[in-house]
Amino acid sequence: MPQTVESHDACCKIPTVACPCPVCGNKGRKVTALTLDHHVPGPLREKIGNDAAFCLNPACDVVYCNPAGFTIKKGQTALPVTIKDAGDDVFVCYCFEHRRGDLRRDLAANGTTDIPERIKQGVKEGRCDCERKNPQGACCLGNVANAIKEIQSGLKRL
Ligand SMILES: [Zn+2]
């Protein structure tokens, strides 16, 4: 069903916006109210407003920022954020609830993992909900691929 995959790809192509992160200066990816409602707790949700971006720099503690310079940092969101937190209990896929530790376990045991294929299958079946469930408001597959690479290079060093 390539058609479904294409329509899903659209959600991964949310443009980066020229609203730089006030801390690191990196561009952010625009997020929607749906994403913010799900990931930002009460009073902070009001302060950030609806015009906000996700800071794509893994080294920066800012998760969301708005043009007024208000930021929501790592630790202030409802869940730990994949690219901001290297912990094994952090989700790499929020829709189907795969954690970094699940990837590590598969890779250590088998040298490979079928988690990306399982995610793609779920996407094909229209069961993903990235805009709401992923703090980045977009598809997780890029994050999953990066996490696999990081784990593999760590295993090689052992
Ligand atoms: Zn930043």
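Reply: The protein has seven helices and seven strands, where helices (H or I, at least four residues) and strands (E, at least two) are DSSP runs, numbered from the N terminus. Reading from the N terminus, the order is α-β-β-α-α-β-β-β-β-β-α-α-α-α. Keep in mind that this is a predicted model, so local features need pLDDT of at least 70 and side-chain atom pairs count only at pLDDT 80 or more, while totals for chains, interfaces and linings use all residues. Residues are numbered from 1 along each chain as its sequence is written, and side-chain values use heavy atoms, with hydrogens and water left out.

Of the 158 residues in the protein, 41% are buried; that word means under 20% relative accessible area, with exposed being over 50% and partly exposed in between (1.4 Å probe, protein chains only). Among contacts (heavy atoms within 4.5 Å) with a separation of 6 or more, 52% join residues 24 or more positions apart.

Now for the charged pairs. The whole structure holds nine salt bridges, each being a side-chain nitrogen of Lys or Arg within 4 Å of a carboxyl oxygen of Asp or Glu.

Let's begin with Asp37, which pairs with Arg45, their closest N and O atoms sitting 2.7 Å apart.

Next up is the bridge between Asp88 and Arg104, at 2.8 Å from N to O. Asp88 belongs to the loop between strand E5 (71-73) and strand E6 (91-93), whereas Arg104 is part of helix H4 (residues 100-110), so this pair ties together parts that are 16 residues apart in sequence. As for cover, Asp88 is partly exposed at 32% relative accessibility, and Arg104 is also partly exposed, with a relative accessible area of 33%.

Then there's Arg132 with Asp129, another salt bridge at 2.8 Å, N to O. Arg132 has a relative accessible area of 31%, which makes it partly exposed, and Asp129 counts as partly exposed too, at 25%.

Finally, have a look at Asp102, Arg105 and Asp106: salt bridges link these residues in a network.
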